[in-house]
Amino acid sequence: MNTRVHFYHNTPDRLALAGELVGRALERGRKAAVRLPDAASLKRFDQLLWTGEALSFLPHVPIDSPLAAETPVVLGAAGADEAWPHADMLFNLADDVPPGFDRFRLLVEIVGQAEADRLPARGRWSTYKQHGCELKAFDAELRVAL
């Protein structure tokens, strides 16, 4: 299996875009693993998923939950050693290459507007290219392919 990688560059609010894209994925029957940089951002993203529109609740649990294998959205912080319970979609908001990324059908990278976000993203792009991944880039603000 060759992992497809979609980069969303120029993102003004990385957590909001992740929430929107995860919601769309669930509408299509997909499963999503969301890898966040740290415990604080994981907590903020968890709160974002709870406080969205009442009819658009996204069922989610942390990666170490006993319900992770049965829940469509699983959240984890970078550096967690647990294995993701599925291999459909991985959303990466951390600055490094996710271990085991190549077992996922689709990897979605969400990159902010700051140079501190863009520099590590360029390195990840190169890594994925070296692994033979199919790469696509989108401008998150314009919502067009680059």
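Arg35 is buried (under 20% relative accessible area; exposed is over 50%, partly exposed in between, with a 1.4 Å probe and protein chains only), at a relative accessible area of 5%. The model is predicted, so local features need pLDDT of at least 70 and side-chain atom pairs pLDDT 80 or more, while totals for chains, interfaces and linings use all residues. Residues are numbered from 1 along each chain, and side-chain values use heavy atoms, without hydrogens and water.

Arg35 and Asp96 meet in a salt bridge (2.8 Å, N to O). A salt bridge here is a side-chain nitrogen of Lys or Arg within 4 Å of a carboxyl oxygen of Asp or Glu. The count comes to eight. Asp96 is partly exposed, at 36%. The pair links strand S2, which holds Arg35, to the loop between S5 and S6, 61 residues apart. Helices (H or I, at least four residues) and strands (E, at least two) are DSSP runs, numbered from the N terminus.

Asp88 and Arg30 form another salt bridge, at 2.8 Å. Both residues are buried. Arg30, Asp88 and Arg105 are linked in a network of salt bridges. Glu20 pairs with Arg24, with the closest N and O atoms 2.3 Å apart. These two lie four residues apart in helix H1, about one helical turn.

The largest nonpolar core has 25 residues. Such a core joins buried Ala, Val, Leu, Ile, Met, Phe, Trp, Tyr and Cys residues through side-chain atoms within 4.5 Å. Val22 and Phe91 are among the members that touch the most others. H1 gives the most to this core, with seven residues.
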